[in-house]
Amino acid sequence: MDRVSPSRRSEMMRRVHSKDTEVELRVRKFIYSLGFRYRLHAKDLPGSPDIVFRRSKKVIFVHGCFWHAHGCKKGQLPKSKLDFWQPKLQTNVERDVRVIRELKLAGWRVLVIWQCEVGDLSALRSKIEAFLL
């Protein structure tokens, strides 16, 4: 049983976006503050990566823990409608694996930043710098 009304749930889901999420904007702002410049959502690349560094052939995906089934506290399955959510999230995971494989085969390096990692800026900085330098 859902804890909120169907109209409230509909409103909440309507606010979910695939691009320019709050977490993605925080990561982009942080990368920019480190002095790196990038392009966004390259439609010509598999999966339209969130952040693209064309010269160095590197891309970054910023994944929401729930939508990409990370398995952390933020990525736990809901308790209701499992027959809907399990296949949907599994399809997302399978697509992520396929897209990363395609990018790597095309010579791109790929970094995934999870929503739950954005809170620790020093660890995030280390991860980004190790990837980009």
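Predicted model: local features only at pLDDT ≥ 70, side-chain atom pairs only at ≥ 80, totals over all residues.

Tutor: In helix 4, the buried residues are Leu 124, Ile 128, Phe 131 and Leu 132.

Student: Where do the buried residues fall, seen down the axis of helix 4?

Tutor: They fall within an arc of 90°, so they line one face of the helix. In an α-helix there are 3.6 residues a turn, so residues three or four places apart point the same way.

Student: And which residues are exposed on the other side of helix 4?

Tutor: Ser 122 and Ala 130 are exposed there.

Student: What do the buried residues of helix 4 pack against?

Tutor: They pack against helix 2 (22-33), and also against strand 2 (51-53), strand 3 (58-63) and strand 4 (109-114).

Student: How many bridges join strand 1 to strand 2?

Tutor: Two, and these strands run antiparallel. Leu 40 stands opposite Ile 51 in strand 2.

Student: Where is His 41 found?

Tutor: His 41 sits in the loop between strand 1 and strand 2.

Student: Does it count as buried or exposed?

Tutor: His 41 counts as buried, because its relative accessibility is 13% and the cut-off for buried is under 20%.

Student: What is His 41 in contact with, leaving aside neighbours within four places in sequence?

Tutor: Lys 19, Asp 20, Glu 24, Arg 28, Ser 48, Pro 49 and Asp 50.

Definitions and conventions:
Residues numbered from 1 in each chain as written. Heavy atoms only, no water. Buried < 20%, exposed > 50% of the residue type's maximum accessible area, 1.4 Å probe, protein only. Helix = DSSP H or I, 4+ residues; strand = E, 2+ residues; numbered from the N terminus. Arc of directions from axis to C-beta. Contact = heavy atoms within 4.5 Å. Pairing = 2+ DSSP bridges.
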